[in-house]
Amino acid sequence: MMNLLLPFSMALTACTALAAGPIQLTVHGGESVQTRAIVTFTAPKEWQGEHTLSGRDGTVVSMLQVDAEGRAVMIVPQIGVGENIHFKEAPSSPPVAPYGLTVEKASDVLHFTHHQEGKKRPVFDYQMEAGPVPKGVSEVFKHGAHLHPVFTPNGKLVTGNHPADHRWHRGIWMAWTKTEFEGGHPDFWNQGKGPDGTLTAEVQFQSLVKSWGGPVQAGFISKHRFVDRPAGQEKAVLEETWEVTAYALTSGDSSAFILDLVSTQTCAGALPLKLPTYHYGGLGVRGHAQWDPVDQVTMLTSNGDDRKTGDSTKAKWVHMGGVVEGQPAGMAILIHPSNFRFPQPLRLNPKNPQLCIAPSQDGDWSIEPGTPYVSKYRFLITDGPAKARSIEAAWESYAQPLKVTLE
């Protein structure tokens, strides 16, 4: 197993030496109180590294993580309505052991782990190339380009993979079902649908651009390709970039892991991918195998709808959960307001623990050459049952990020 970016701490003196001056900034509160708010902004490249910041006379402490491009991120424990918190760099000593979030590459999988107080917890895996299938399952269902397994802070698994009823379901993935392209109808969602059981279309992993870890966030950027196989010949239809970032919110009353997924899809050639009206296709999520019995999974939408009443409705977030190893656990999918056809249509499967954010429910559309199709989702992964008020507050924080002024 090969470590990437571990350890990722650097001495504070080295960070300070790069900066043109002392780090000072102000975080501006919004229209509601926010707790454990993820704050991102562009910083001077000279700030690259990790810094401890203090604000409000030292009563608020936050870590600042800045990459080589100046992309900066911090988590503010709490900020009031319209409050301005002034932060400045504070002295600290680098840790002697891994802390925060790390990433390790093992063969064709990226493993993300959270470290705190000498303990480590798995967060999620990214399956790059097509992974192995269970014994007795056709090799046609081997797949990559997805997230699985995904865990809660208490180590409870919340995603499923290769379930008996839908062997092509794969944790968290992106794919289109009903399509039109060059006179054909490639189905990127269902695998093994050819007349002889062969693979007719798929989403392939292409390359890992980069991965990183840090005290505040870890993540990766990768490339995928949507491939059709007319007459057995591979044809590129879409090129896709995934950027996934992970956060561990472990302070306060309840812990949560957060995954931000940004998918950018562009046409591979001069022709569009047409997407006729259909009830699913888009972002897919399969829940834990223990939720497979129809009465063992619960779903809740931002409108207050459950699994039955929420199917084919539009919402800004949806939660799926159930009992795992005797304890409730689940995940909320927050839909960014910039997404196409927001609030987006939902497919809440009535027979298994699977849901889909399905923009094609609202009518025919297409992904056109020269116009990237961008989708943004935040996964809030927690132990315990769904709490609508907390999920709504998390969506507000996601939809209306706090602003920062550099001083």
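A salt bridge here is a side-chain nitrogen of Lys or Arg within 4 Å of a carboxyl oxygen of Asp or Glu. The structure is a predicted model, in which local features need pLDDT of at least 70, side-chain atom pairs count only at pLDDT 80 or more, and totals for chains, interfaces and linings use all residues. Residues are numbered from 1 along each chain as its sequence is written, and side-chain values use heavy atoms, with hydrogens and water left out.

**Exercise 1. The salt bridge of Lys156**

Find the side chain that meets Lys156 in a salt bridge, and say which parts of the chain the pair ties together.

Solution. 
- Step 1: Look at Glu325, whose side chain forms a salt bridge with that of Lys156 at 3.2 Å, N to O.
- Step 2: Lys156 lies in the loop between strand 11 (146-150) and strand 12 (172-175), and Glu325 in the loop between strand 21 (317-324) and strand 22 (327-335), so the pair ties together parts that are 169 residues apart in sequence. Helices (H or I, at least four residues) and strands (E, at least two) are DSSP runs, numbered from the N terminus.
- Step 3: Check burial, where buried means under 20% relative accessible area, exposed over 50%, and partly exposed in between (1.4 Å probe, protein chains only). Lys156 is buried at 14%, whereas Glu325 is exposed at 57%.

**Exercise 2. Two further pairs and a network**

Work out whether each partner in the bridges Asp260 to Arg378 and Asp311 to Arg347 is buried or partly exposed.

Solution. 
- Step 1: Begin with Asp260 and Arg378, whose side chains meet at 2.6 Å, N to O. Asp260 sits in strand 16 (residues 256-267) and Arg378 in strand 26 (residues 373-383), 118 residues apart.
- Step 2: Read the accessibilities of this pair. Asp260 is buried at 11%, and Arg378 is buried at 9%.
- Step 3: Turn to Asp311 and Arg347, which meet at 2.9 Å, N to O. Asp311 lies in the loop between helix 2 (307-310) and strand 20 (314-315), and Arg347 in strand 23 (residues 344-348), so parts 36 residues apart in sequence are tied together.
- Step 4: Asp311 is partly exposed at 22%, while Arg347 is buried at 16%.
- Step 5: Widen the view. The count of salt bridges comes to 16, and Asp67, Arg71 and Glu243 are linked in a network of them.

**Exercise 3. The surroundings of strand 26**

Show which strands pair with strand 26, and how many of its residues are buried.

Solution. 
- Step 1: Two strands pair if DSSP finds at least two bridges between them. Strand 16 and strand 26 run antiparallel and share 10 bridges, with Phe257 having Ile381 as its bridge partner in strand 26.
- Step 2: Strand 22 also pairs with strand 26 in the antiparallel sense, over 7 bridges, and Gly330 stands opposite Thr382.

**Exercise 4. The nonpolar cores**

Identify the residues with the most contacts inside the largest nonpolar core.

Solution. 
- Step 1: A nonpolar core is a set of buried Ala, Val, Leu, Ile, Met, Phe, Trp, Tyr and Cys residues joined through side-chain atoms within 4.5 Å.
- Step 2: The largest has 43 residues, and Phe124, Leu283 and Phe379 have the most contacts inside it.
- Step 3: Apart from this core lies another of 26 residues, among them Val137, Phe188, Ala358 and Ile367.
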